[in-house]
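Okay, everyone, let me put my structure up on the screen. Have a look at it for a moment, and then I'll walk you through it.

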Amino acid sequence: MTSHFGAIGLEVGGRREYGELLRRLYALGRAEPVGGGAVRVVWTGAGGARVELEIDDEGNR
């Protein structure tokens, strides 16, 4: 599976690995509310790479 994550050393081989990566980043990141029920999770690696996940609450309604 092609993604930009490989450029920062977080290569994924398929949809399952991609989901696992997102779950790890979510667990390790710092969450901050962004309004409307959405949350932004920010993960910064030791080398300075930064990933921001913005998750809205629509899937949980």
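I'll start with the sheet and its helix, and then move on to the charged side chains.

One thing to keep in mind: this is a predicted model.

So, the sheet. Three strands make it up, in the order β1-β2-β3, with antiparallel pairing, and the sheet is open. Which strands stand at the edges? Those are β1, residues 30-35, and β3, residues 50-55. Each of them has a single partner strand, so one side of each is left without a neighbour in the sheet. Going from one strand to the next, the twist averages 25°.

Let's take the pairs one by one. Between β1 and β2, which run antiparallel, there are 5 bridges. If you want a spot to look at, find A31, which stands opposite V41 in β2. These two strands form a hairpin, with 2 residues between them. In that turn you'll see G36, and its phi is positive, about 65°.

Now the other pair. β2 covers residues 38-44, and its antiparallel pairing with β3 runs over 6 bridges. Here you can look for V42, which sits opposite E52 in β3. And what packs on the sheet? That's helix α1, residues 15-28, which touches β1, β2 and β3. The helix direction makes about 95° with that of β3.

Okay, on to the charges. How many salt bridges does the structure hold? There are 5. Let me show you some of them.

R30 and E32 form one, and their closest N and O atoms are 2.7 Å apart. Both ends are partly exposed: R30 has a relative accessible area of 47%, and E32 has 24%.

Next, R40 meets E54 in a salt bridge, at 3.1 Å from N to O. I like this one, because R40 lies in β2 and E54 in β3, so the pair ties together parts that are 14 residues apart in sequence. R40 is partly exposed at 24% relative accessible area, while E54 counts as exposed, at 52%.

Then there's E52 with R50, a salt bridge at 2.8 Å, N to O.

R30, E32, R40, R50, E52 and E54 are linked in a network of salt bridges.

Terms used
Residues are numbered from 1 along each chain as its sequence is written. This is a predicted model: local features need pLDDT of at least 70, side-chain atom pairs count only at pLDDT 80 or more; totals for chains, interfaces and linings use all residues. Side-chain values use heavy atoms; hydrogens and water are left out. Two strands pair if DSSP finds at least two bridges between them. Helices (H or I, at least four residues) and strands (E, at least two) are DSSP runs, numbered from the N terminus. Axes are lines fitted to C-alpha atoms, for helices over the stretch in contact, and angles run from 0 to 180 degrees between N-to-C directions. Contact means heavy atoms within 4.5 Å. A salt bridge is a side-chain nitrogen of Lys or Arg within 4 Å of a carboxyl oxygen of Asp or Glu. Buried means under 20% relative accessible area, exposed over 50%, partly exposed in between (1.4 Å probe, protein chains only).
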